[in-house]
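The following exercises concern the structure shown below.

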Amino acid sequence: MNTRKYDLEERLIDFVLLVDAIVENLPQTRLANHLTGQMIRSSTSPALNYGEAQAAESQKDFIHKMQIILKELRETKVCLLIIKRKKYIEVNEILPVLGENDELLAIFAKSVKTAKSKL
């Protein structure tokens, strides 16, 4: 097994668990409930789609799946920013999750750029 792929998969799974820790502590309001549902979907999607990308049928298919991962990470980030602005969670609890989200965005953006250059 390629260690690098494994590490990124593990990192994506860990990211899901970081987001879960946040959503489990949100209040029971309409907005927080809506964000909870969105974040559960958008934060789990990258981990699930990463496996799909590894089994891509072509370079274009790989790029498409990686772009889906980017889209979902961006969606998660916006949800986290709303939660931060709404002050549902202490800033010191949400900043590390936002930081990890940004790092994952950078990794996948670079991967897409590299894959596109190989077309």
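**Exercise 1. Determine the handedness and geometry of the contact of helix 3 with helix 4.**

Solution. Helix 3 passes helix 4 in a left-handed crossing; a crossing is left-handed if the near helix is turned anticlockwise from the far one by less than a right angle, and right-handed if clockwise. Helices here are DSSP runs of H or I with at least four residues, and strands are runs of E with at least two, numbered from the N terminus. The model is predicted: local features need pLDDT of at least 70 and side-chain atom pairs count only at pLDDT 80 or more, whereas totals for chains, interfaces and linings use all residues. Residues are numbered from 1 along each chain as its sequence is written, and side-chain values use heavy atoms, with hydrogens and water left out.

Next, consider the axes. Two packed helices are described by the angle between their axes and the distance between the axes. The axes of helix 3 (residues 59–86) and helix 4 (residues 91–117) come within 9 Å and cross at roughly 160°. Axes are lines fitted to C-alpha atoms, for helices over the stretch in contact, and angles run from 0 to 180 degrees between N-to-C directions. Helix 3 and helix 4 are therefore roughly antiparallel to each other (under 35 degrees counts as roughly parallel, over 145 as roughly antiparallel, 65 to 115 as roughly perpendicular and the rest as oblique).

Finally, the contact of helix 3 with helix 4 has 20 nonpolar, five polar and five charged residues. In this classification, Ala, Val, Leu, Ile, Met, Phe, Trp, Tyr, Cys and Pro count as nonpolar, Asp, Glu, Lys and Arg as charged, and the others, Gly among them, as polar.

**Exercise 2. Describe how helix 2 and helix 3 pack.**

Solution. The axes of helix 2 (residues 30–54) and helix 3 lie 8 Å apart, at an angle of about 155°. Helix 2 is therefore roughly antiparallel to helix 3. Their crossing is left-handed, and the residues of the contact divide into 15 nonpolar, seven polar and six charged.

**Exercise 3. Is Asn101 buried or exposed, and which residues does Asn101 contact beyond its neighbours within four places in sequence?**

Solution. Asn101 is found in helix 4. Its relative accessibility is 0%, so Asn101 counts as buried (buried means under 20% relative accessible area, exposed over 50%, partly exposed in between, with a 1.4 Å probe and protein chains only). Leaving aside neighbours within four places in sequence, Asn101 is in contact (heavy atoms within 4.5 Å) with Phe15, Leu73, Thr76, Lys77 and Leu80.

**Exercise 4. Characterise Leu98 and Lys87 by location and accessibility.**

Solution. Leu98 lies in helix 4 and is buried, with a relative accessible area of 7%. Beyond four places in sequence, Leu98 contacts Lys77, Leu80, Leu81 and Lys84. Lys87, by contrast, is placed in the loop between helix 3 and helix 4 and is exposed, with a relative accessible area of 70%. Phi of Lys87 is near 65°, a positive value in a residue other than glycine.
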